[in-house]
Each structure stands twice: as structure tokens, then as C-alpha cells.
There are 6 protein chains.
Amino acid sequence: MSTVKLWTDKAAAAVPTVKAVFDDIRATRKSDFVNNFWRALANQPDLLERTWASIKRVMIEPGTLDPLTKELVYIAVSTANSCSYCVHSHTAAARAKGLSEGQYAEFLAVVSMAAQTNSLANSMQVPVDPEFMIA
Amino acid sequence: MSTVKLWTDKAAAAVPTVKAVFDDIRATRKSDFVNNFWRALANQPDLLERTWASIKRVMIEPGTLDPLTKELVYIAVSTANSCSYCVHSHTAAARAKGLSEGQYAEFLAVVSMAAQTNSLANSMQVPVDPEFMIA
Amino acid sequence: MSTVKLWTDKAAAAVPTVKAVFDDIRATRKSDFVNNFWRALANQPDLLERTWASIKRVMIEPGTLDPLTKELVYIAVSTANSCSYCVHSHTAAARAKGLSEGQYAEFLAVVSMAAQTNSLANSMQVPVDPEFMIA
Amino acid sequence: MSTVKLWTDKAAAAVPTVKAVFDDIRATRKSDFVNNFWRALANQPDLLERTWASIKRVMIEPGTLDPLTKELVYIAVSTANSCSYCVHSHTAAARAKGLSEGQYAEFLAVVSMAAQTNSLANSMQVPVDPEFMIA
Amino acid sequence: MSTVKLWTDKAAAAVPTVKAVFDDIRATRKSDFVNNFWRALANQPDLLERTWASIKRVMIEPGTLDPLTKELVYIAVSTANSCSYCVHSHTAAARAKGLSEGQYAEFLAVVSMAAQTNSLANSMQVPVDPEFMIA
Amino acid sequence: MSTVKLWTDKAAAAVPTVKAVFDDIRATRKSDFVNNFWRALANQPDLLERTWASIKRVMIEPGTLDPLTKELVYIAVSTANSCSYCVHSHTAAARAKGLSEGQYAEFLAVVSMAAQTNSLANSMQVPVDPEFMIA
């Protein structure tokens, strides 16, 4: 079901860049599990390295948004882009970060309400109110 | 720039359903401003009434997600769906609810990182790890 | 606001393929109005000719779906794809083919309900029931 | 393949809101079949109840658009949003409402023609003709 | 997993239009393999015939863009539209036309970079610079 | 028309990170023109710096795909994502890199053909041929 080969740990061990990223994923997440996204991206070691560095910076390093909020935003984008893999992996991540059933229910209500009103605004081509424009 | 007429307050005053919704928007938001989305939807009074009732329930009534998180999820979906109107109106709403520049910068980083990895997962058609499936 | 030049009638008159398509648009629609889509596509005469031939065959020649239903399907796709130009032009076309305000209100309700449930099915990654599969 | 648990009838029987919706789905459709969308949404009883109420109102109650036209619009949106579940379920629904092979062929021609011209209008960024604007 | 029946060679043999297209696909590609897209589209012989004629003209006939560039553009669109089938089939086609691993890595970097900056430009609603407008 | 302020050169001069990026954009492109995308992103200096670094690496440093091919892939993604800003800026960039009218016509034909067949494959939910799967 993939257009690329998924790298095993054995294959990864033979390419230093890939091995280093897989090791860092395990150390950062304190888990032995390396999910398929990284095993697919390993075919392009340079892109693997840069993408993991970005994910660490954006999703893992502490900032002003809490980690659960970031995961919800990630799932929202992935849903709208119809990325099955990303919806699955980030919903699992949100749960690991404490998403309750009540929060998930509200999240689904917001995401689907946004999709609904996006559709209405786009069908009626509603002009933006000047009050909403900054520049 | 619109495919429908935008209702003035005078037009709204003549149709009880529309008037009631416009009045409730003003009372709920404690502001005289009724934005173009509702003025466009007023052409379909029944849909106007149901959409406003949903927005109140999903976005305004207190729940387990804080109001700012809901707005960020809303902007994320609207960005992915390329709904110019919705991005404008909900970014303004997020700011009114206290979005700081630092939070907005992080939000943009998350949204665009999600779009980037969605694109990678969709191009490589990465198979979902069994660990992420519930049913 | 365009990435290509829009052809005037004078420019069209100098290129036989473009002139022939513009003439046929006018004859087919019994109107002197040639909208910007065709004036933009005129930069690529071959694509102009093939696209107009397809539009005539799919949207204008009589078939088993009535013309108004076809326009509604067209607007639905254009809304989901966020094509501002297409939403405007096909909403105008639907009105010219007799779309009533009541039908338009119902159409907006269906389009936005579909967007909402698409979003729910995509976020929950609902597995397709075997009953719905043909092959 | 799902990010949520699918509710069996036994699980549904234990939660009054869920049981009531499942019962109403069966009574309304005059069929014992409750498809996975509702079994997934049952995890959020409140959203289940509101979504089913909207579907009944928009898709099942008689209006000015015929039921088959509504299903075609629904499939068109679901195709553009790449919602596999929704395309499957509403294509089955359209067939149950009498969609002929000839109508389906024409529908596919319209949907794909719309996608094609959306793409052309979006690449050339064709400016909307003033003739198409209402407000 | 399909909403339509997939035509076997035996079924195709009984319908002249379908048989002629399948024969031409085989002759053009110098291969006995007819992929599922055409076996699905065979349910609508007229659409099958027109779609194959377009594919031949756009993707197979020599032009000013080289065949590999066309395949990369095709995969890029299919990724953004989340068309799993099309990503698979055109990635295979690109490889058959000589796509190297290094080129594929760069392609993935470009596609995902574009998705990322699309998302940034759409969230910030950046106004188009007059320098970029033709008309 | 924007949800953020666009930075003037004067404002940029006061923030070292922003000034450094603007200077590098000018030096790299050998042009005084800094387009609005960067003036908008300047509100988030850290994201500005990382995004410009990625663009340089992916789009400007020499690789195995030629610069014009990369721009065409970029426009293709931007068209499918309906990013008006990105379509405008990268179509201008493609022209600056030598895109001929004939190549542009072929590009438009490929992009719109892809959108059309994406739509067909997604509506019929065509199952992926095993021949196209790698893993």
C-alpha cells in the first residue's frame, strides 16, 4: 500500500544518517517504537533528517501553546487534507498526551462545524468584512 | 464579490426569523457588529437559524476545550480548506480571545508543518501502523 | 488579479482557432457575452478548443440528467475545491436555468452537511461497510 | 482502520441517547442496517444525536430538490474532499434512490469536468466577471 | 473497495468501444497490463473513450515538456488532492520513465515545501504583489 | 486583505533577524524586490528565518531536478490547494526561469487532466493495482 520501501532497523543500521535519526526518535520519545512515516522517509536520508529536526522543534520543544493543543491543530489540518496516515498517528499522539473523550467530542464538533461554515462561505463567496483586515 | 445579496439591518427587520438571529448575535456577543457571513446567510432564514444555533452550541457554550483552542482548530481547518472569509473572521476572533503573537507564531509553525507532513505521507502513501488503529 | 492576459475580441479575431471558439460560444449561448474564463484560456488555443468541446458535450448537450442538476453538481465541486471563479460563474448559470431561492437554500444545506460529515468520517477514519462495496 | 471504537448494538442498548438514534435510523430507513458512520459517532452521543437530526432534516424530509439530486451533490462534495467513506455510502444511497447507469456516467463526466476547469481557473487565477457578482 | 465493477478482459471483449480502448492501451504502452482505472471506467464506455483520448494527447504525444516532468506534475496534483490511486499509478509511471531516487527525494522536498508555504500564505492571507499580476 | 501586518524595509531594519533575511533574499536573488510573503512572515522572525532557509535549500541550491521543473511542481501543488498568492508568485518565478508559452500550455493541460482523473478515481474509489505497490 506504499509507493516506497519501509526501512527495517537492520537497513537503518547501515546508513549513519538514518541510524542517527532513528536513535534520536527513540531517545526523544523514550520508546522503542519507530512508526512507518519515518521508515518510509528513510529512503531520502537528507529529507528525513530535516523533517525530524522540524518536528522536534515545532511539536516537541516547549513553547507557548500546550502540546495537546498542537496535536489538535495537527489533526484538524490532516482531516481537511484527507491524510489518513496523519489523522491516525496524531490522534494516537493526542490520546497519549491526555486527550479525554469529552475533549475529543468537542474537537470533532469544532472541526466539522468549521468544514460546514467553510463550505457556506465558499459557496456564497461572502466578502471579507473590513473589520477583519489588518493590512 | 458575492453570489448572494448581503442583508442590511433594515431588510432583516422585516423578516422575524432573520431579525431574531441578528438580535441574538448582538446580545450574545455584546456588540452591535453583525458580520457579512450572517448577512449572506440571511437569504436562507432557516439555514441561518440552524447555523447560528450550532455555532452558539459548539463555539460559545462552555465545554472542556478552552475558547482559544477552538478558534485555533477553526482557523486550521479554514486554512486547509482555503476559505479566505473564515480565516479572516476566526483569526480576528482568536485575537479577541487573547491570542498572543508568540502563540500565533507557534500556531503557524504547527499548521504549516502539518501541511508539509500530510503531503509527504500522501505522496509516499505510508501504510498506517497497526499501533494507531482502534477498530 | 490574473496570471495570464485576457483576450479582447480584437485579439481573438486575429487567431482563427480562438475566433471560432468565441463565435461558437456566442452562437451556442445565444448571447454576446464571452466570460473571462475563455478569454484567459485563449492564450492556449488548443486547450481552449478542447475544453470548450468538452463543456458543450458534458454540460450543454441533452442527456439523462437535467441541466440544473448538472449545474448544482458543478457548484458543489467548485465550492469544495475553493474555486472562486467557478462558484461565481456556475451559480449565475444555475440561476439562468431557473434555480429558485428555495432550491438554492436546500442546495447550500446539502453541500455544507456533506462537508461536515466528510470531516467527521475523515477524522474518525470510519471503515467502509462491506455493504457499500461493489468490487 | 479507525481511530475510534465502532459500537455494537449491545453497547448501544446501554446508552439511551445512542439507542434512541439507532432505533430512529432503523425506523426512518425501514431497514435493520446501521452503517459504521453512526457506530463510530456513537462515541460522542450528543454529536450523534445532532448529526442524525440534521441528516434527517436536510436529506430525508421532503423539500424542493428531489432526493436523487441531493445524493449527487453529496457525492460530488465527498469526491472533491476525498472522503472515501462518504463516497461509498452516498453512491450506495444514490443507487437505492434509482440512479441509473446512464445518469451515473453523466454525473462522473460533470464532476470530473468541474475538477478540470476548477484547476484551470485556479492556475490562471481568472478574475470574476462583474456580471457574475450579486453584492 | 470500489463503488463500481471492474471489467475483466472477457467483459470488455463484448463491448466494441471498451475492447477498442483496451486494445489501444495495450498497443500504445506495448504491454498487456490494463490497470484498474480503465477497468472501472469501462462501465461508462463513452467517458472511457474520451478520457483515454485525452490522456494519450496530454501525457503520451510528444510536446515541449519532457515525459518525466509531466509525471511529476501529475503526482504533485494527485498528492494535494489526496488521490491514493493516482499517486500510486503515476509514481509507478514516473519510475518507468527513469525517475532516480535522487530526483524523487528532491521532488518530495518540493511538493512538501509547497504545501507548507501554501498553508502559510493561506493562513496569513498574504495579498498578491502587483508585480505578479498580468491582467 | 491580510490577517497580519506587512513589514516595510524600515520596520525590518529594526529587527536583526528580519533584516538579515531580507538582505539575504536580495543578495540571493540579485534584486531589490522583497515580495509580500516575506513581509508578512516577518511578524514571526524565527519562522521567517527557517522558511527562507528551507526555500533556499529546496528551490535555489542546485540539485538533480532543473529549476523550472521545480517551479512547475510548485504551481501544481498551489493550484490544487487553491493558494492564490502562491500560484501568482510561482508562475512569475517560472516565467523568470524561462517558461515558454508552449510549455505553459502543456503544463495547464497536465494539471487539469490530473485533477479530472483524480476526481474519477476518487468517485469510483478504484482499488490500487498490486503492480503499483512497493511495500
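Predicted model: local features only at pLDDT ≥ 70, side-chain atom pairs only at ≥ 80, totals over all residues.

Residues are numbered from 1 along each chain as its sequence is written, chains are lettered from A and ligands numbered from 1 in the order in which they are written, and side-chain values use heavy atoms, with hydrogens and water left out.

**Chain interfaces**

Contact means heavy atoms within 4.5 Å. Buried area is the accessible area (1.4 Å probe) that two parts lose on being put together, summed over both. A salt bridge is a side-chain nitrogen of Lys or Arg within 4 Å of a carboxyl oxygen of Asp or Glu.

| Chains | Residues in contact | Buried area | Salt bridges |
|---|---|---|---|
| B and C | 10 residues from B, 10 residues from C | about 780 Å², 54% on carbon and sulfur atoms | 0 salt bridges |
| D and C | 65 residues from D, 65 residues from C | about 5900 Å², 72% on carbon and sulfur atoms | 2 salt bridges |

**Helix pairs**

Helices (H or I, at least four residues) are DSSP runs, numbered from the N terminus. Axes are lines fitted to C-alpha atoms over the stretch in contact, and angles run from 0 to 180 degrees between N-to-C directions. Angles under 35 degrees count as roughly parallel, and angles over 145 as roughly antiparallel. A crossing is left-handed if the near helix is turned anticlockwise from the far one by less than a right angle, and right-handed if clockwise. Ala, Val, Leu, Ile, Met, Phe, Trp, Tyr, Cys and Pro count as nonpolar, Asp, Glu, Lys and Arg as charged, and the others as polar.

Take chains C and D again. Helix α7 of chain C (residues 101-124) packs on helix α4 of chain D (residues 45-60) at about 150°, with axes 10 Å apart. The two are therefore roughly antiparallel. Their crossing is left-handed. Residues that meet here include Met113(C) from α7(C) and Ile55(D) from α4(D). The contact residues divide into 8 nonpolar, 3 polar and no charged.

Next comes helix α5 of chain E (residues 67-80). It packs on helix α5 of chain F (residues 67-80) at about 25°, with the axes 8 Å apart. That angle makes α5(E) roughly parallel to α5(F). The crossing is right-handed. Among the residues in contact are Leu72(E) and Val73(E) on α5(E), and Leu72(F) and Val73(F) on α5(F). This contact has 10 nonpolar, 2 polar and no charged residues.

Helix α5(E) also has a partner within chain E. Its axis comes within 9 Å of that of helix α6 of chain E (residues 84-96), crossing at roughly 160°. These helices are therefore roughly antiparallel, and they cross in a left-handed way. Contact residues include Glu71(E) and Tyr74(E) of α5(E), with His90(E) and Ala94(E) of α6(E). The division is 7 nonpolar, 4 polar and 1 charged.

Conventions: Parallel < 35°, antiparallel > 145°, perpendicular 65-115°, else oblique.
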